[in-house]
Amino acid sequence: MDKEQVLSRIVEGGLVAVVRAESSEQALKIADACMKGGVAAIEITFTVPGAAEVIKELAKVYSNGEILLGAGTVMDAETARTAILAGAQYVVSPYLNLDTVKLCNRYRVPCMPGAMTIKEVVEAMEAGADIIKIFPGELFGPQIIKAILGPIPYAKLMPTGGVSLDNVEEWIKAGAVAVGVGSALTKGAKSGDYEAITRTAQEFIAKIRAARGKM
């Protein structure tokens with residue numbers, strides 16, 4: 001899938017499920033539950049044991065493009081390359097690593113490095129990042145999106161951390177092009193209630209659509 005198509009689907013869906021799991025088996029079940037709930041983009045973090053293998057397995061299961069597979073918590077270019085070879089269609093990092101952005105651009109894979117300040121946002125954009133991950137979002141709340149978009153209205157921002165069903169509409173109305181959601185979406189996995197993940201995903205998507213309709 002073309003880079004522009006991947007980015008378009010992520011923004012259109014508005015929700016990236018951040019999957020942190022205790023095992024590859026659990027990660028696969030979470031991803032499946034998210035997909036059933038209508039989530040377009042799944043981010044397998046490299047804190048998951050055997051993350052590259054999980055991505056590879058998901059790429060086989062969803063070979064028809066039912067979901068977009070991403071790699072998260074990518075700390076360096078070497079990990080990014082491993083993820084891309086496994087089938088990752090986009091790469092997310094907690095901070096800006098220039099070599100990672102350069103590698104992703106070389107292979108035309110969307111890259112989303114983390115930033116907390118306007119200076120970091122600009123540096124990431126100058127490096128060629130496609131979407132800036134505002135992380136950790138809970139430190140500032142939705143107001144940081146408005147604050148950044150004031151002087152930089154063309155920045156593409158995706159908050160991760162602190163996004164919940166209670167505030168997701170605020171994040172979208174503030175100008176976020178999408179949101180990354182982890183435990184607030186996937187917590188059902190701890191008790192084996194994967195249907196709860198599907199229901200929560202549907203609620204998130206409904207609230208994102210409602211917020212966009214009110215903008």
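I looked up Asp193 and found it partly exposed, at 31% relative accessible area. I note the rule here: a side-chain nitrogen of Lys or Arg must lie within 4 Å of a carboxyl oxygen of Asp or Glu. Arg199 is partly exposed too, with 44%.

**Ground rules.** This is a predicted model, where local features need pLDDT of at least 70 and side-chain atom pairs count only at pLDDT 80 or more, while totals for chains, interfaces and linings use all residues. Residues are numbered from 1 along each chain as its sequence is written, and side-chain values use heavy atoms, leaving out hydrogens and water.

How many salt bridges does the rule give? I get eight. One of them joins Glu123 and Lys119 at 2.5 Å, N to O. These two sit four residues apart in helix α6 (residues 118–127), about one turn of the helix. Helices here are DSSP runs of H or I with at least four residues, strands are E runs of at least two, and both are numbered from the N terminus. I checked the cover as well: Lys119 is exposed at 57%, whereas Glu123 is partly exposed at 32%.

Lys56 and Glu53 make another salt bridge, at 3.7 Å from N to O. Both belong to helix α3 (residues 51–61), and they are three residues apart, so about one helical turn separates them. Lys56 is partly exposed, with 35% relative accessibility.

**A loop stop.** Where is Pro153? I found it in the loop between α7 (143–149) and β8 (157–159). Pro153 is exposed, at 57% relative accessible area.

**Whole chain.** I counted ten helices and nine strands. The C-alpha trace spans about 45 × 35 × 30 Å along its principal axes. Buried residues are 53% of the 215 in the chain. Then I looked at contacts, meaning heavy atoms within 4.5 Å. Of those between residues at least 6 apart in sequence, 59% join residues at least 24 apart.

Technical notes: Buried < 20%, exposed > 50% of the residue type's maximum accessible area, 1.4 Å probe, protein only.
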